[in-house]
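Good morning, and thank you for joining this group meeting.

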Amino acid sequence: MKYVVVTGGVVSGLGKGVTASSIGVVLKACGLRVTSIKIDPYLNTDAGTMSPFEHGEVFVLDDGGEVDLDLGNYERFLDVTLTRDNNITTGKIYQSVLEKERKGDYLGKTVQVVPHITDAIRNWIESVSAIPVDGKVGTADVCVIELGGTVGDIESMPFIEALRQLSFSVGPDNFCLIHVSLIPVLSVVGEQKTKPTQHSVRELRALGLTPHFLACRSSQPLLEPTKEKLSQFCHVPAGNILNIHDVPNIWHIPLLLRNQNAHNSILKQLNLLDIASPPDLRDWTNMAETYDNLTNSVRIALVGKYVGLTDSYLSVMKALLHACIACSLKPSIGWIAASDLEEDSAKLTPEAHAAAWETLRNAACVLVPGGFGDRGVRGMMLAAKYARENKIPYLGICLGMQISVIEFARSVLGMERANSEEFDDPDAPDRSNHVVVFMPEGSKTHMGNTMRLGTRRTLFQTPDCITSKLYHNTEYVDERHRHRYEVNPDVIGSLEEHGLKFVGKDESGKRMEILEIPNHPFYVGVQFHPEFKSRPRRPSPLFLGLILAATRQLETYLKRA
């Protein structure tokens, strides 16, 4: 196995994930099989209990793993299916070591960070990198490993040491280290500054790792004197200093690397020149140029709880992008904080309230994504009601589906107090108003890894529905889930009698998965998360349907399908 390790310095948020994904794309384009691992040095076992405001979205894998959003980038860029073990955290490592210690596997030894923690990290990397993720038999040729955080962070020290040991054990021909760093420009002098990168590389070398490549992030292309200075003071050949400057869209990054001959240099370092072919990136070139040349756009109202940090909805944004490009459009997303639509907001923040409603009314379609907690749910219901009554295309995902059920029960069934068990007082004696209930198999005492997670099968109840046609009239669909509440089976009959049709159910027939309103251009709610399986060349059918409906092309598309 050949390892390409990507580390980061100076500041966080430099785009190590996109850089690592793009390196994987270029190597894959050379005919190599690529897998990837993300190391997150935090103590959490996984990302499942983290706030979207702090960490961005939680990406869900086929096996139910709740992982860092960078694994979503890997899956979309490399078109692979990863497992929960492809995300290593300090919590997972310490948990596995302590379980062994309790079993007596260390035979009375004093359990220490070195060698026990570092050995566990190395063993995990070596075992997971051997698991195929591209649907083929046998191990991959290259494993791209991204180390989260910034070099020098206390929590990442055991991983740095483990990677140092790994580089020594596998040998120089099987290990390539790429350090991503920032080259800032001070507005006062306008000069590209190399000192932060010099200090970052010095820190890395002091820990026993010497980078073979520098991937320098900058707003503008690096100047030759800057490259020469970096080469001289960081002990990296000038030809191995890669410049990843700002580009119109991230699909240009693999092309940027290819144009700097990064693939040849990496292949030479890994002694793979003999088996690799010239990179075929025609498809990526086409995607990048197509997006750059698009002129028309479609307005999408995204009504959510976490719009203060757009990374909270990263996969939703990417799925919208994939669907829009398939329709030769650019997405124009109007971010609406759900609470700004509520009546209280009209009194407290009238300007935000007016702006939110103006954005909603100007949109060609409405999307309500997933979330947890009762903040903003009244605003989401108002958005769902507006879309339903005004025949505006609507897609509700997870919580968005449950919101549409509550709104329909209140407005159409006359259940004024209809609600979700999630939002009601848990000690309230009257529970008859719960149209959304806690799933019986869930845990009310533990939050982590206790939801209904991962890929589950949904069976279509009728072929004569929009969703089934968008999925090419298949009998079932396998999509990823992440929820602990569901539509109350006791109210299904009443809802369907009044026009809310549940066209998709789980294999038991008792859990509602997909709802539609027949006499509406596109009013769809799904309990699963279709955004997690969307790919640049294979957009999610539901997101594609939303955009087609917004541009009044859906009927024509379904007739051709």
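This is a predicted model: local features need pLDDT of at least 70, side-chain atom pairs count only at pLDDT 80 or more; totals for chains, interfaces and linings use all residues.

The accessible surface of the protein comes to about 23900 Å², and 49% of that surface belongs to carbon and sulfur atoms; these areas come from the Shrake-Rupley method with a 1.4 Å probe, and for residues only the protein chains shown count as cover. Residues are numbered from 1 along each chain as its sequence is written, and side-chain values use heavy atoms, with hydrogens and water left out.

Of the 561 residues, 57% count as buried, where buried means under 20% relative accessible area, exposed over 50%, and partly exposed in between, with a 1.4 Å probe and protein chains only.

Let me turn to the fold as a whole. The protein contains 20 helices and 21 strands; these are DSSP runs numbered from the N terminus, helices being H or I of at least four residues and strands E of at least two. Its radius of gyration is 25 Å, close to the 24 Å that the globule rule gives for 561 residues, so the protein is as compact as a globular protein of that length. The radius is taken over C-alpha atoms, and the rule is 2.2 Å times the number of residues to the power 0.38. Along the principal axes, the C-alpha atoms fill a box of roughly 75 × 65 × 50 Å.

Strand E15, residues 434-438, runs antiparallel to E18 over three bridges, and Val-436 stands opposite Val-487 in E18.

Elsewhere, strand E12 (residues 365-368) and E13 run parallel, joined by three bridges, with Val-366 and Tyr-394 as bridge partners. From strand E13 (residues 394-397), Tyr-394 and Gly-396 point one way, Leu-395 and Ile-397 point the other way, and all are buried.

Finally, is Thr-458 buried or exposed? Thr-458, in strand E16 (residues 452-460), counts as buried because its relative accessibility is 0%. Leaving aside residues up to four places away in sequence, Thr-458 touches several residues, among them Tyr-476, His-481 and Phe-528; contact means heavy atoms within 4.5 Å.

How values were computed. Two strands pair if DSSP finds at least two bridges between them.
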